[in-house]
Amino acid sequence: MAYRSEFLSVAGVRTHLLRGGRGAPLLVLHPEYAANRWFPYHDALSARFQVLAPDHPGFGQSERPDWLEGIDDVVLHYVDLLDTLGLQHVAVIGSSLGGWIAAELAVAQPQRIQRLVLVGAAGLRVEGVPRFDVFLHPIEETLQHLFHDPTRAAQLLPTEFGADVIARAYGEATTLARLSWNPYLYNPKLQRRLRRVTAPTLVVWGANDTYLPPAYGAAYAQAIAGATLQTIEHCGHLVPFEQTEQLVQCAVRFLEGEG
Amino acid sequence: MVQFFYFHLMPWPYLPDDFDRRHPTSWVTFSNAHYDPQRGHALYNEYLDEMERAEALGFDGLGVNEHHQNAYGTMPSPNLMAAALVRRTQRAKIAILGNAIPLRDHPLRVAEEVAMLDVLSGGRIISGFVRGIGCEYLSLGVNPTYSRERFYEAHDLIVRAWTEDGPFSHEGKHYHVRYANIWPRPLQQPHPPIWLPSQGSTETIRWGAQRRYPFISVFTSFAQTKRLIDEYKAAAEAAGYTAPPEQIGFAVPTYVAETDARAREESKPHILWLFRRGLKIPPHFLLPPGYITEESLRKFLGAGLRPPSDMSFEELERGGYILVGSAKTVVDRLKEMQRQLSFGLFIGGGRTGDMPQAKALKNMELFAREVIPHFRD
């Protein structure tokens, strides 16, 4: 499927956007490891929707403004992005960090988000269920924890490891740390605020997720009224990359209003 | 005229026998179950005895520093150790090298403690400021992406608190205080000397040179020390003055014995302990995200430097990471370094790694008796 790469000025922030497919707009928010590329799950979703896949500020080719300090800044950036694109209503799907942003966006602008799909979404903390700490491990180890079948990690690895590639990955890790070093990968206020979400919500979780264990999916499903929890077997944290077909199938069914 | 400082890290030498095989690091995740407070009691007191002895032997100053949650240096609060030294010494400067101000919740606490020490000691305190190393951002839960801006803002607030009549208000980005008004104020005027112990980013070096803060290159090769000090001198020239020797220094593990061969033989296991165990730190602990900029990382990777923890003793010696030899050798090396660096501050240790006290004392005595006098005009 054809897609194009474009740059937008979103309230002055240079933002990289991948766009492909036709139909109802679907905002696709990437996890913390897979910016700046059109992956097979984008492609499959673009068969039914107009896929809008921006790089988060400070990831891929989107700039990191100095004022970017918390998830609320990212959320307001995406409100501005929707304004820039002239989208009054949109469906959103996000994985991990992208899922966290999607949930916060649905809290901030419930009237605007028509349907919400949270895939292994960060953003909550469940007492007594430890998460993997990306900041304590080298990236090679982290990649192993993102998949149930670690051989699947290869698709996210760069083809070469030069100083530029390492420095760029360090830059993205810096953005992630800026947003979520402490509290680590969650917003203490989000759990309570999720009552504001009005969009029909599907929560998708890998049954073998060791990065954010399935208890986190249950917590989302419990906090959002009417949400459905779908668990995917033989799957780790990065569902879009490990069980692409299953994710796309259940997401499309849900987004088209049948699920 | 060179001022000599006796520097202590106060390491925890009692690592388990399987440390090299079983433990990837002596920081962050190396459990404090390995710390034994009973042995720690004896050790702290030995270490402080050595520092008191250094004053008696004629060192100009005593250096303490801040590190958190590791076996490399068990001095999370350098101000406490400075306090312990103040009442047991009379003459020596006490150099805190330094307080890791971005790691502290409140800079005014640092301003207060250093002012207390300065008043208590009759103005013998040197106040170094550092960022703390990357590991400590993991250990204390401080966001490393704010390290540099917290350093500058904390510094500004502390200096104001030392020099302005209070109360004044500070509305910064990281610190907010409406009634800053510290009691006591420091004794030295306008404030205790501020030193900058650093491995040196260009930005930090320029910032320090502009303020005439003495720059101390810490635990690196001679080539790197020279590069940093040259950069500092150039920054001073750009700021309109020539950096005098009193503003230039370096810290290097030092060991003096009767002959070169003995010095090497006696110090080798302990120096290797320092670099291979004390400084056993994986890169992602050393450089957590945002601790340095992407540009600095790119430069650092491009330079292809080998970490000293991978080097042999001979390589460490050749590279100038350590200073080991007979008194004559050490004097000659220091004279040559003085010619190249024109330094006026020398921070030497000491009791390196797991060195037994007897060796540390002998080293100190020889250094004080046979090296220091060559640098008194």
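How many residues of chain A are in contact with chain B? The count is 17 residues of chain A, and they meet 15 residues of chain B. This is a predicted model.

## Where the chains meet

## Chain A overall

Chain A holds 9 helices and 8 strands. Its C-alpha atoms fill a box of roughly 45 × 40 × 35 Å along the principal axes. Chain A has 259 residues, and a compact globule with that number would have a radius of gyration near 18 Å. The value for chain A is 17 Å, which agrees.

Buried residues account for 50% of chain A. Contacts also reach along the sequence. Take the contacts in chain A between residues at least 6 apart in sequence: 71% of them join residues at least 24 apart.

## Two helices that cross

Helix α2 of chain A covers residues 71–85, and helix α3 of chain A covers residues 97–108. How do they pack? Their axes are 9 Å apart, and the angle is about 70 degrees. Angles of 65 to 115 degrees count as roughly perpendicular, so α2(A) and α3(A) are roughly perpendicular to each other. Their crossing is right-handed.

Which residues make the contact? From α2(A) come A:Ile71, A:Val74, A:Val75, A:Tyr78 and A:Val79. From α3(A) come A:Trp100, A:Ile101, A:Glu104, A:Leu105 and A:Ala108. By type, the contact of α2(A) with α3(A) has 9 nonpolar residues, no polar ones and 1 charged.

## A strand residue in chain A

A:Leu29 sits in strand β3 of chain A, residues 25–29. Is A:Leu29 buried or exposed? It has 26 C-beta neighbours inside 10 Å, so A:Leu29 counts as buried.

Leaving out residues up to four places away in sequence, A:Leu29 touches A:Val92, A:Gly94, A:Gly98, A:Ile101 and A:Ala102. One of these, A:Ile101, also takes part in the contact of α3(A) with α2(A). A:Gly226 is 197 residues from A:Leu29 along the chain, and their C-alpha atoms are separated by 22 Å.

## Positive phi in two loops of chain A

A:Asn36 is not a glycine, yet its phi is positive, at about 70 degrees. This residue lies in the loop between β3 and α1 (40–45) of chain A. With 16 other C-beta atoms within 10 Å, A:Asn36 is partly exposed.

A:His234 is another residue other than glycine with a positive phi, near 50 degrees. Its loop runs between β8 (228–232) and α8 (239–242) of chain A. Is A:His234 buried or exposed? There are 12 C-beta neighbours inside 10 Å, so A:His234 counts as exposed.

## Chain B overall

Chain B has 14 helices and 11 strands. Its C-alpha atoms fill a box of roughly 60 × 50 × 45 Å, again along the principal axes. For 377 residues, a compact globule would have a radius of gyration near 21 Å. Chain B has 20 Å, which agrees.

Of the 377 residues in chain B, 48% are buried. Among contacts between residues at least 6 apart in sequence, 76% join residues at least 24 apart.

## A strand residue in chain B

B:Phe4 is placed in strand β1 of chain B, residues 3–7. Why does B:Phe4 count as buried? Because it has 22 C-beta neighbours inside 10 Å, and 20 or more make a residue buried.

Apart from residues up to four places away in sequence, B:Phe4 touches B:Phe59, B:Asp60, B:Phe346, B:Gly348 and B:Ile372. B:Ser312 is 308 residues from B:Phe4 in sequence, and the two are 28 Å apart in space, C-alpha to C-alpha.

## Cis peptide bonds in chain B

The peptide bond from B:Leu97 to B:Gly98 is cis. Its omega is near 5 degrees. B:Gly98 belongs to strand β3 of chain B, residues 93–100.

B:Gln189 and B:Pro190 are also joined by a cis peptide bond, with omega about 0 degrees. Where does B:Pro190 lie? B:Pro190 is in the loop between β6 (176–180) and β7 (194–198) of chain B.

Key:
Residues are numbered from 1 along each chain as its sequence is written. Chains are lettered from A and ligands numbered from 1 in the order in which they are written. This is a predicted model: local features need pLDDT of at least 70, side-chain atom pairs count only at pLDDT 80 or more; totals for chains, interfaces and linings use all residues. Two residues are in contact if their C-beta atoms, placed from the backbone, lie within 7 Å. Axes are lines fitted to C-alpha atoms, for helices over the stretch in contact, and angles run from 0 to 180 degrees between N-to-C directions. Helices (H or I, at least four residues) and strands (E, at least two) are DSSP runs, numbered from the N terminus. Angles under 35 degrees count as roughly parallel, over 145 as roughly antiparallel, 65 to 115 as roughly perpendicular and the rest as oblique. A crossing is left-handed if the near helix is turned anticlockwise from the far one by less than a right angle, and right-handed if clockwise. Ala, Val, Leu, Ile, Met, Phe, Trp, Tyr, Cys and Pro count as nonpolar, Asp, Glu, Lys and Arg as charged, and the others, Gly among them, as polar. The radius of gyration is taken over C-alpha atoms; the globule rule is 2.2 Å times the number of residues to the power 0.38.
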